[in-house]
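Here is a friendly walk through a few parts of this structure. Have the viewer open as you read, and start with a pair of helices in one of the chains.

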Amino acid sequence: MLTTQFLLLGAVLFCIGIYGVLARKNAVMVLMSIELILNSVNLNLLAFSVRNGSVDGNTFALYIIAIAAAEVGVGLAMVLLIYRNRRTIALDELSEMKG
Amino acid sequence: MSSSILARVPWQSPAIDYHAIAPEIVLAGGICLIILVDLFISESRKWITASLAGFVMLGALLPILTLAVSDSDVRTMFDGRYVVDEFALTLKALFLVAGYVVVLLSQNHVEEGDYYQGEYYTLLLTSVTGMVMMASSRDLVSIFVALEFLSIPAYMLAAWRKRDRKSNEAGVKYYLLGVFASAVMLYGMSLLYGVTGSTLLSEIGSRLTVEGQFGGVEALGITFVVIGFAFKVSAVPFHSWAPDTYEGAPIPVTAFLSVASKAAGFVALVTLVYVGFPRAQDVWQPFIWVLAAITMTFGNLLALRQSNIVRLLAYSSISQGGFILMPLAVAGTGDAAGPALQAVVVYLLVYAAMNLGMFAVVITVSRTTRSGEISSLGGLFSYAPALGVLMTIFLASLAGIPPLGGWIAKFGAFRAVLEAGSGWAYAIAVIGAVNSVVAFGYYGNIMREVWMKPAPHGETTTVRTPSSLVAALSITVVGTLLFGILPGTIMRFGDLVDLTGAFGG
Amino acid sequence: MDVLRDQNWVLSAGTFLPLVGVLVMLFIPKAEEELSKLVALLTAVATLGVGVYTLTQFDFDQADKLQFFADAEWIKVISSNYTIGLDGMSLPLYFLSMVVTVLVMIYSWNHIPSPGNPKAFLILMLILQTGMAGTFVSQDLILFFVFFEVVLLPMYFMIGVWGGEQRQYASLKFFLYTMFGSALMLVAFIALFFKVRGALPEGVEASFSIPQLVEYGGLLGRSAQIWIFGGMFVGFAVKVPMFPFHTWLPDAHTQAPTQGSVILAAILLKLGTYGFVRIAIPVLPEAAKEWAPWIGLLAVIGIIYGALGCLAQTDMKRLIAFSSVAHMGFVMLGISTLTPMGFNAAIFGMVAHGLITGMLFFIAGSVKERYHTLEIARLSGMLKQIPKLGWILGFCAMASLGLPGLAGFWGEFPAILSAYSPAVGLPEETFRTFMVIAALGTVFAAAYLLWLFQRTAFGEPKPEFAGGDHGHGAHGDDGHGDDLHDVNIFEWIAWTPFLIAIVVFGVYPQLMFKVIDPAVQVALRAFGG
Amino acid sequence: MFAAEAAAEVHASTGWFLEHAWLIPIIPAVAFALIIFFGKRMPMKGSEFGVASMFASLVLAVGAAWQWIQRVDGASSVAHSAVEEGAYHSAPFVGPIIREWTWWQSGGVEFGIGQHIDGLALTLLVVVAFISSLVQVYSLEYLRGDRRYTHFFAALTLFSAGMLGMVLAPNMVQLILGWEIMGLCSFLLIGHWWEEEANSRAALKAFFTVRVGDVGLLVGTGILFFSANSWTQENLGVSGFNISGLSAWAMSGAASQSALTWGAVALFVACIGKSGQFPLHTWLPDAMAGPTPVSSLLHSSTMVVAGVFLVGRLYPVFWEGMKIGDTNINFIVLIGGITIVIAALLAFVQHDIKKVLAYSTVSQLGYMMLGLGAGAWIAAIFHIFTHAFFKACLFLAAGSVSHSGSHHSFDMKKDMGGLAKKMPITATTWIISTLALAGVFPLAGFFSKDEIIDNVGHNGYNAFMIVGLSGAFLTAAYMTRATYLTFFGESRGAAAGEHHDNHGAHAVHDDHGAHAVHDDHGAHAVHDDHGAKGPHESPKLITVPLMILAALAVVAGLANATPFGSNWERFKKYVEPSSEYVMVESASASGPGESIVVPAAEEGAKKEGCATVAPDEGMVCYFPTVSHAKFKWSKAALSLVIVALGLVSSWLFCIQYYTRRDRRLVGLTERNTVLRGGYKVLWNKYYLDALYETVIVRAVAYPISRAAYWLNQNVLDGIVNTVGKVARRVAGWVYRNIDQRVVDGAVNGSGAAARGSGGVLRPVQSGKVNQYGALLFAAAAIGALILVIINT
């Protein structure tokens, strides 16, 4: 069955996403990476729903897509906010508070 | 092919118990109302939105009361995905009251900072709505939805002071890490769905670990899901966002995050643990044990170093979270399940009261001192005895000193742990005992400032306390004292039987 | 368990009346100092009135039973009730706490330590009173724990706000020590509850009620008992304080204001020893037997160690503080014998030490007020300048070193005696060794107390203080305006009861023993006492 | 109680005085309270209470004694008065009047208070009451104008109360009570003039030293109580504190030997402390810092004999514990013997007249202990009796000298000499008492001391008989020296009328004068010009007591004049308890609140003495069978010769040295070496002369006295004094290094450690989002990995 390959693809995407989140300093890129993870999740859900023969997975995936959109909206707004206040979106410069 | 799956499912609209979801409906209505009102009132009368928000919260409490007294105690909808039972009601009430207190706290703060009041309260209400939904969710999807529902507004609230770099930073950190965590959690959820073939917690519970054997995928899924909420409750090592966010966000928002959203995280955790994977305790018990131990320890140790009161409270709330986690670490062993659930619920209630109270005092004082440093509290007792005593009460309660609320919470936690009676249980009990002593190190330090230090640069102007803050203070202090002196009033909440479907039932 | 339930409101009244006073005082403006003093004093007196009434209504022929027994539902879920009762063991301490509070209030009338603010000071004292009284009457572990903890904060602030130079360090130390102990104690309590619940016969409902635990505690396995006892031991031993948990005491005592020291010495230290005789030992007889030799060892170490500590002091108040370590050592020695004689001695010793050391702290406070120093080296010839105070000091020193005919002796002597033949099952030789060491301890006591008395009271006054005194000190009538006035009226009122009690109990100890003895017999039933 | 009366009537008469002897200590106790509260307001500053109470007690005591005599006579007339001379005799048993009321009980143990009246108790009661009365009268004059006149009488009266209470104690607890009260009063009275550093030091030293001994008292009481309690409870129905119970237990053979021995040793340690026995005697001479009346009452005649009294009171315990009956050396005699010699030798080297008397007291107490230790019970008790009179007299005389003769000085060498003409009465009484003390026939001392020595030898303690005899010689010698220095030879210093203000004692006393309460100033003025008038006889208030005591010092001995046959041995007849077995009624005789041991004597009473045959069922006895030496003039003559030798030789030496300052003999001393000095001790008086001047030379010349003195000063005194210092130093070290560093450091350290680790953790909180994320995911991955592994 093909589901295994889908799952593998999902896993790969997940890892790439994780790498992106941890490695990239650019806020937008990080957002993108997170989107990757979410999509890997969607892939998983769809593959599983096919394997389990239930629609729950599909529904779940739809919810995730919808909410992810909202999330990204908020995220981009914040990135803009940062950019307006400090003319950069490099995350490693965000260290006003520590300790 | 997938189309054929859809075809095979017959569609019938689910029965909806409107009484059961009345609170959510009220809140939703309230949100719309505020948005509308906000559009039409002049800048000078924006305060109306605040009072509206408050009324909405209280209004949402009414159906909860009616539900509580109504005879049919458990109401389920969408074949068990959305449940209103004693447990859910208790926590919904908690969220609403907490939300109300936060509104009280916010009123002057937001007004004087001329922030966008209407939006502020809208978002606050939205977040509270998400929490209220969380209390009833018994399904991966609904849990996820509720989680995002309460988180996303919170991200924005954290970054509310647009011009303030700290606030921005707080928002962004909270946002990125939050989203990251929920992504990881989602991956875990997908795995769980894959192995069990259902998103309904009770079914997952019954299908997971059919006589105990299960593979790495289940373990992975469970771990990732637990981590998702460990992040919400800012358990070490998933706490890193909390101090920065708490410090950067507006203080009322911090209060909200440290109480309400943390409580929401625990609610989800409890639901998952009790309903979702009651038989998989081999996975989550040791995990939560470690989380609890290091959370309370690190939280305390780091708190000892802080000089900023808000940041200190952030760490203190982290270590308190460790204490709340403690009973869950034994929730899977025999008789301990009941007391553990009870301990968590009681702890959440008490913690809400005393921590909100603490923030209320801090807000009131900082209105005068204009500083977040602990040293700015010096001599508070001498020039504002009432506030000094109140702060002492809340601090003592946080430190768990009888007869204040905090002690019964801690007591419940210890009781639950010792009920389990295993070696690990005793170990964490001792760790908790030692930590409760260490904790006094910094609580006592604040008391010392308040009582024994002279006021910095002769600051002795009497503190003016706005009526809203007075209300907030009185609510919280009454709660703190009442819970402590007559614990019977809350100990009755959160009996295991009320949590429908526990142990796959 | 058989109890007398009539008039079960008495104890609650006696315990919570001070809180009523606190509520009233909350509404008195801070400026109205006289008024708040008055209200506080009246409250304390009223409380004492209730105490006296309790005394009159107490059935001394049934001192072994719990009287004025009240039992109300409190925290049903954890099966802990509001259970209070009074028997011969707790009556003396319960009453003592009330008396001490009243007298301290009187003393406070013109001795409010800096930085003033009598309102807060007295409110804290009233809360303390509630905590102390409650601890002695509570018959439920959880209730006991709550009251046990209630006294912490007021004392913390009393030391920390109204104390001496090192007050913040001392207060924090005091708090952390006690908190540490009580945390473990709480764990032990809960563990005890569950273990006992496991061992209960059919049909008996588990609860934290002390009488019930005493009844069934013996059912526990030995190792379980030993561990639980260990937890309680730490909790109580810190409070007593026993060597090596004692180091908070000297600082706390030295830094605390006079009133604080008096209450601390007179009552608070007794909470720990009371915990031993009321809870730890009766509930866990097996473990008690295991621990007794070690307790005894620590006790005698404390006796000698405390005495050495005293000899090393140059500060009068600190010396008195260290003497507490030694005296509580005698008390613990008596307890560790697990014999009725030892227990009686211990409880008598608690009261006696409360009276005597409390009195000594009063004196130290007054000396400080007059000479503005407690450096023994700088004090001299007190008998010449303020003879009455000097002689009172001598009297208390004599009482404290266990002179027969004064209260101190009846705590010390029987404790030493009882160590010769401890309860069956305890190593006799060991305890006889303890006996000899403890007896040597009395010599040390004589040494440091008389040494103190000789250096401070005898001899010629030091030139720095000799001003304005030309032998008229003998009449205490030097009107030279300096602080060297003899005992004043408030001090007389506050002190006379102490002095009388010291003599009366010394001359006729039966007064207390006949109350204590029956209750002790019951408490030690498990040892065939 | 009435049941008891009835039982008592069976064999022996009792009477009001006997039944109410417990009033004797009560009266002074009440008087003490009166003095404390009203003393200052009374015309005579409270002294009247004291004097009155003492006389009242005296009357009661004498009355009780009289009725006791009748009781004994009655008993013996009823019973067989056949008393076979010699080896051992057994008088008819006369039960003591024991009345005991429950004082307090604890853990089933009953602590009683009451009275135990028998010959011994009555002897002491009479002596104490009598001497106290006289001393108080004496003090009226002697202390006049003193700053703390009232305090003085208060303490004095309290002392009498304590002592009397101890003497008639029916049980150990009451005995300890009185014992400690005496110690307190001793402290207060020695330190009466506490402005002087030295005085308060002496007071402290006295109390502390005695307290060291008291450890033995507590421990011993404990041992005896727990060993005896069960036996006494079931056989006599009294607690193990009860004295007669303990005696019976000790004699019953049921007692464990180890318990007896350890108990006896422990108790004797207490006696060593209280009665100033070697090695704890060092406090007694220093105690002379107190006013003279105090020295004469507490530190010579009454308080210091408490130790002796205790041994005599619990004699069966010591008899059995120390095996006095069948050894020829034991702890008690050893200590007693050493004390006699050491103290006597020290008495030679004193300048202070009171110190001479003090050492003499120590040595006499040694005699008493020696007697008790060697089984000469009656002789020892009799010596208490006689010694009280002449020693009190001596002290009062010394006081009188300093009061009127030497202007408040006690220094024989500086301020006395040739006072015999100026103070005839004082001198006479002094000389009489001296002779009595020396044991010159027929004065009191002879009958008691000689009896002791005689019996010591008779009971097989021959070595110690020698010690006793040499002690007699030394006593005679040093007393003669003191007498000569004080009353004969040429007058020196104040005795010659010089007025030198730099004198210590004088300064002290003046000081008090200066501080005296106003209305005493007049009296004080009168008081102060003694010096101006020069030496003269003291006023009546002082001389009358002196004369009374002197008279008694002459006749007291006849109370037990062994030489004149057994009919003269009244003391023995009335005081010595019978050693015969008696049937005891069980505890049933004890009424509510009081337990009475009333032995029914006559019917079925055995003739054989106790501890010579095994007892029958239900029979006990309260006293061991002591054998009495038969008086022989030959032995008496020997000791008399020795005494005479001492007197004469000492007298000759004094004349040689003090009147004719023989230069050529001085030269001899330079030529003398350490080695030769050793054996010339008793003969070479001229050698002695030169050595008086400086301590070192004398020490070289007299190894023994040097050793004694050195031992006394450096070792014993040193120990007592340095124990405090050392302890303080040790304490200081412990306090600084252990308490403050280790134990405390642990506490503070933990806090620091916590904060430190907090600091370590802070870098984790770097503030960088990516790092946070990494942390988050790393933790997640690790957690997941572990769990996956352990769960699959």
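## Two packed helices in chain C

In this predicted model, helix α14 (residues 340-371) of chain C packs against helix α20 (residues 489-507) of chain C, with their axes 10 Å apart and at an angle of about 145°. The crossing of α14(C) and α20(C) is left-handed.

Which residues make the contact? From α14(C) come Ala352(C), Leu355(C), Ile356(C), Gly358(C), Met359(C), Phe362(C) and Ser366(C). From α20(C) come Glu491(C), Ala494(C), Trp495(C), Phe498(C), Ala501(C), Ile502(C) and Phe505(C). Taken by class, the residues of this contact between α14(C) and α20(C) are 11 nonpolar, two polar and one charged. An α-helix has 3.6 residues a turn, so residues three or four places apart point the same way.

## Where chain C meets chain D

Helix α14 of chain C turns up again at the contact with chain D. Here chain C gives 43 residues and chain D gives 43 residues. The elements of chain C that supply two or more residues to this side are α12 (285-312), α14, α17 (407-418), α18 (428-457) and α21 (510-523).

Which of these gives the largest share? That is α18(C), with 11 residues. By class, the side of chain C that touches chain D has 29 nonpolar, 11 polar and three charged residues.

## Chain D as a whole

Chain D is built with 34 helices and five strands. Of its 792 residues, 60% count as buried. Among contacts in chain D between residues at least 6 apart in sequence, 78% join residues at least 24 apart.

## Where chain B meets chain A

On to the other pair of chains: this contact takes 37 residues from chain B and 35 residues from chain A. On the side of chain B, the elements giving two or more residues are α1 (2-8), α6 (140-158), α7 (165-196) and α10 (241-248). The largest share, 17 residues, comes from α7(B).

By class, the side of chain B that touches chain A has 20 nonpolar, nine polar and eight charged residues.

Finally, look at helix α18 (residues 423-452) of chain B, which has 30 residues. From its first C-alpha to its last, α18(B) reaches 42 Å, close to the 44 Å expected at 1.5 Å a residue.

Where does α18(B) bend? The bend, of about 30°, is at Tyr442(B).

Note on methods:
Residues numbered from 1 in each chain as written. Chains lettered and ligands numbered in written order. Predicted model: local features only at pLDDT ≥ 70, side-chain atom pairs only at ≥ 80, totals over all residues. Axes fitted to C-alpha atoms, helices over the stretch in contact; angles between N-to-C directions. Helix = DSSP H or I, 4+ residues; strand = E, 2+ residues; numbered from the N terminus. Left-handed = near helix turned anticlockwise from the far one by under 90°. Contact = placed C-beta atoms within 7 Å. Nonpolar A, V, L, I, M, F, W, Y, C, P; charged D, E, K, R; others polar. Expected span 1.5 Å × (residues − 1). Bend = angle between axes of the 7 residues up to and from the residue. Buried ≥ 20, exposed ≤ 12 C-beta atoms within 10 Å, placed from the backbone.
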